[in-house]
Amino acid sequence: MLASRRAFAAGPGRRSIASVLRYSTEAAAPAPAPTPPTFKAAVPPVTSPAAPKPPSKLPLKPTTTFRPAYVAKKVLTTPPNPAAATPASRASEILSSPADLKASSRPASEASTGPAPAAVPRSKPAFADKKPLLMPSYLHWDPKPPPVAPKTQEPPHDINWGTSFYGLGTNPVTPEQFEILLQRTKVEDIEVKPDGIIYLPEIKYRRRLNEAFGPMGWGIVPRGDAVVGKEIVTREFALIVNGCFVSQAQGVNNYFSAEGIPQAVEGAKSNALMRCCKDLGIASELWDPVFLRWFNKHHAVSQWVEHTVTKKKRRWHFRKDAPMEVPYPYKLA
């Protein structure tokens, strides 16, 4: 202890006795023990008890009930008797409408406390108002029975219809047949070719002849052999009605290979029939220039098409109410 005091006092500057004594006292005193850290327990905040929430008044969802898609009902010819109603009939009445199903699924407490619901009229099932899909009127052909033609002298059995003109202009039609033959052509029946020519399908002429004269009351006979050319076939036919010659015409059709010649000859026969019917007044509007201009203005449209290989363009004609269908190798430009 004394040696340390002397060494400290002999230091530079010759410190004072007070400072030496203070230093020795502080060095001799024991170091104070470190105080351990104190932790305070977390006290939860004081809150007032929460008030209970009122029960929600959301409507309860009705329970899911199986219902068949179609409920067959029995048609009663007499007023129903409530006393004689069976459980099955009552169940069908309960499930007859969605409004009754929703009303029956209400809770018992709501039904007892609330006011009585107003009577809801039962709605018809969705399938009750649906009508069967019918064919458009212009596609339905409803022929009338052919009228009785006036009796004429039967033609001789040795007539060669390939060269004969027997009965030409000797057997006029009846007033009923006149109305059938010269009735107005429906616009819906007229078709348009790509080159702009309008025509009536060949089956429409046959139906008109069957309606006016009846099956087996008319016929078409060839007046010569078929002439086969390069990609074209032609043959002359005559129209015979009730044993009398009516008219004759040359029928033509195209073909693209030798296998298509039989179909081309048959097409030439149909083409000749259409031309022969002009003398009977069938679809006479198709040869009237005024009607042709009106139809092309209001019911036809033209569109450019392009050849997919040669890239050449041309105009094709279509009906306005029909889809523009272009066969290969053409496409709409």
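These legends walk you through close-up views of aromatic rings and their neighbours in a predicted model.

View 1. Let's begin with one of the 4 aromatic pairs that the structure holds. Phe165 belongs to the loop between helix H5 (108-113) and helix H6 (175-181), while Phe245 is part of strand E6 (residues 244-254), so the pair ties together parts that are 80 residues apart in sequence.

**View 2. Trp316 and Tyr330 form a tilted pair.** Here the centres lie 5.0 Å from each other and the planes make an angle of 50 degrees. Trp316 sits in strand E8 (residues 313-319) and Tyr330 in strand E9 (residues 330-332), so this pair links distant parts of the chain, 14 residues apart. Trp316 counts as buried, with a relative accessibility of 10%.

**View 3. Arg223 lies over the face of Phe165.**

**View 4. Lys193 sits over Tyr199.** Look for the charged end of Lys193: its distance from the centre of the Tyr199 ring is 5.5 Å.

**View 5. An aromatic cluster brings three residues together.** Which residues make up this cluster? They are Phe291, Trp294 and Phe295.

Definitions and conventions:
Residues numbered from 1 in each chain as written. Predicted model: local features only at pLDDT ≥ 70, side-chain atom pairs only at ≥ 80, totals over all residues. Heavy atoms only, no water. Phe/Tyr/Trp six-rings, centres within 6.5 Å; stacked < 30°, edge-to-face > 60°. Helix = DSSP H or I, 4+ residues; strand = E, 2+ residues; numbered from the N terminus. Buried < 20%, exposed > 50% of the residue type's maximum accessible area, 1.4 Å probe, protein only. Lys NZ or Arg CZ within 6 Å of the ring centre and 35° of its normal.
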